[in-house]
Amino acid sequence: MVINVPSVKFRDYQVDAVSSFVSEDPSFAPPNVVIQGHHSSGKTLTMRKFFEYNPQIYNCWLNPIELVSWKPLLQHVARMISSTLANLFPDISCEEQDALEAEDFYLLIKFLHAVLRSYQLLEKDISLFVVFDGFDQLQELDSELLPKFIKLHELLPPNLRVQLKFIYIVHDTAFLSRYSTYNLPTIIFPRYKHEQVAEILLQKKVSEYIESEKLLCKVVSCGLDPEDSTFEQIAENYIKIIIQAFHSYTGNDIVALGDLMDSKWESYVQSITAENINEPLSLYRSNIDLYTTTGDTFVAEEEACVETGDSERATAYELSCISKFLLIAAYLCSYLEPRYDSKIFSKKSHLRAGRSSYGRRAKMETNPRYLQPSLFPLERLFSIFQAIFPVEEQENHSIFHHTEPMRANVEVYENLAELNSLKLITTATPKNVDYLSYKLKWKVNVPWEIITELASSVNFDIADYFSGLHY
Ligand SMILES: Nc1ncnc2c1ncn2[C@@H]1O[C@H](COP(=O)(O)OP(=O)(O)O)[C@@H](O)[C@H]1O
Ligand SMILES: [Mg+2]
């Protein structure tokens with residue numbers, strides 16, 4: 001029983017731990033092992049490599065994220081186990097079982113029992129490892145599921161030749177801490193450090209980039225004949241710069257950094273010329289744009305090309321007219337003081353003209369827009385909304401035209417609910433609230449840049465409301 005220990009960069013301890021828990025002989029392997037670590041901390045890589053180096057240890061893999069809910073997960077476990085065993089031991093005839101019948105846990109046990117019984121003819125005990133890669137990513141995950149699997153070995157007869165062992169790969173520590181009393185053997189994959197990420201990426205990407213066809217084409221088209229080390233230098237510099245430029249956005253996420261590199265590599269290669277190929281600094285300067293933006297847009301690329309002249313369209317938020325005015329009203333509520341409301345929004349201000357209508361209005365020291373949004377009650381929002389929502393002047397018999405001020409009708413509430421679910425307008429209490437309660441306070445969650453753009457799309461001059469308020 002020899003176990004080969006693969007080498008994975010910066011994961012020596014984890015590989016060692018895995019090799020002491022995962023064994024061909026079921027009497028040496030615990031029934032459940034948990035592997036915990038953040039995204040792209042090398043969990044999948046390490047486990048895959050381990051099993052690759054140890055083909056004598058039987059295993060099968062499941063991706064719970066693809067399986068959505070309990071039922072398909074259980075059925076898939078059943079199917080995986082029976083088909084893996086059938087492939088491993090084609091000589092042993094196993095009575096046909098329908099994996100789709102394993103709709104519930106007791107049915108899964110029944111199924112497994114029937115399948116595993118056929119393998120009693122084997123000469124020695126074997127373990128079969130079932131790896132759940134991303135157990136906590138199952139969409140309909142609940143707290144019952146893991147304990148059921150943890151206890152599964154207790155429900156199967158102990159004298160079976162084939163013994164099932166489960167490996168759960170999870171990233172959520174909160175999920176795991178619920179089961180701390182089960183004392184499951186847990187192998188932690190800590191996050192990589194910055195230097196480790198750089199080293200892994202350099203090791204992984206340099207060779208890939210040196211051999212990239214684009215680089216070769218470019219060099220040939222420039223009529224250059226550089227040495228291999230120049231290529232290596234170019235690729236290495238590129239990787240290092242990208243990591244430095246984007247590390248603050250991606251954190252130590254190898255996958256994200258790798259994707260960024262891949263997406264910009266072509267443009268980087270394009271800027272190579274005969275002059276700058278040996279001068280990293282001028283090469284860096286010639287494509288500095290690559291490092292200052294991610295190159296992402298909010299619209300699909302073709303659209304962006306078509307609509308370059310029409311910037312308004314590209315950012316016209318997919319909101320209804322009512323929503324837009326609600327949002328504008330919410331912005332005004334959050335940034336204007338309530339005591340001036342009657343002056344600013346009343347259509348009957350001529351009744352009390354002059355200073356008596358609003359008192360002396362002291363100039364504010366800072367523009368209110370620079371402050372935190374203040375909270376407001378729903379009632380105020382609806383009043384301001386009513387005041388600013390445009391009333392159609394001309395006679396029109398369509399039901400969609402308003403001749404009276406807009407009231408807070410069902411449609412308005414619907415739009416408000418949508419804005420709330422889009423988190424454009426939020427409540428002061430985060431969760432489980434009665435939205436219509438008079439005590440509840442609201443605030444807007446949109447910056448000035450967006451609200452002006454949005455207001456201009458409905459021809460509403462919001463800047464006017466903020467002029468003359470401050471020095
Ligand atoms: N120690 C390492 N050495 C080389 N590549 C690594 C290492 N750790 C992670 N990677 C790479 O990072 C990516 C993400 O790793 P992965 O194992 O899928 O992470 P996880 O399963 O923890 O989310 C993979 O492309 C993998 O090749
Ligand atoms: Mg993974």
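Ligand 1 lies between domain 1 (12-189) and domain 2 (194-292), because both domains give residues to the shell around it. The model is predicted.

**The shell around ligand 1**

- The shell holds 16 residues.
- S40, G42, K43, T44 and L45 are the closest to ligand 1.
- Helix α2 gives the most, with 3 residues.
- By type, the shell around ligand 1 divides into 6 nonpolar, 6 polar and 4 charged residues.

**Strand β1: burial and faces**

- Strand β1 covers residues 32-37 and is mostly covered, with 6 of its 6 residues buried.
- In a regular strand, side chains alternate between the two faces of the sheet.
- In β1, N32, V34 and Q36 point one way.
- V33, I35 and G37 point the other way from β1.
- Residues of both sets in β1 are buried.

**Strand β1: its partners**

- β1 pairs with strand β4 (residues 162-170) in the parallel sense, over 5 bridges.
- Within this pairing, N32 stands opposite F166 in β4.
- β1 also pairs with strand β5 (residues 186-189) in the parallel sense, over 4 bridges.
- Here V34 has T186 in β5 as its bridge partner.

Technical notes: Residues numbered from 1 in each chain as written. Chains lettered and ligands numbered in written order. Predicted model: local features only at pLDDT ≥ 70, side-chain atom pairs only at ≥ 80, totals over all residues. Buried ≥ 20, exposed ≤ 12 C-beta atoms within 10 Å, placed from the backbone. Helix = DSSP H or I, 4+ residues; strand = E, 2+ residues; numbered from the N terminus. Pairing = 2+ DSSP bridges. Near = placed C-beta within 6 Å. Nonpolar A, V, L, I, M, F, W, Y, C, P; charged D, E, K, R; others polar. Domains from an automatic or database assignment.
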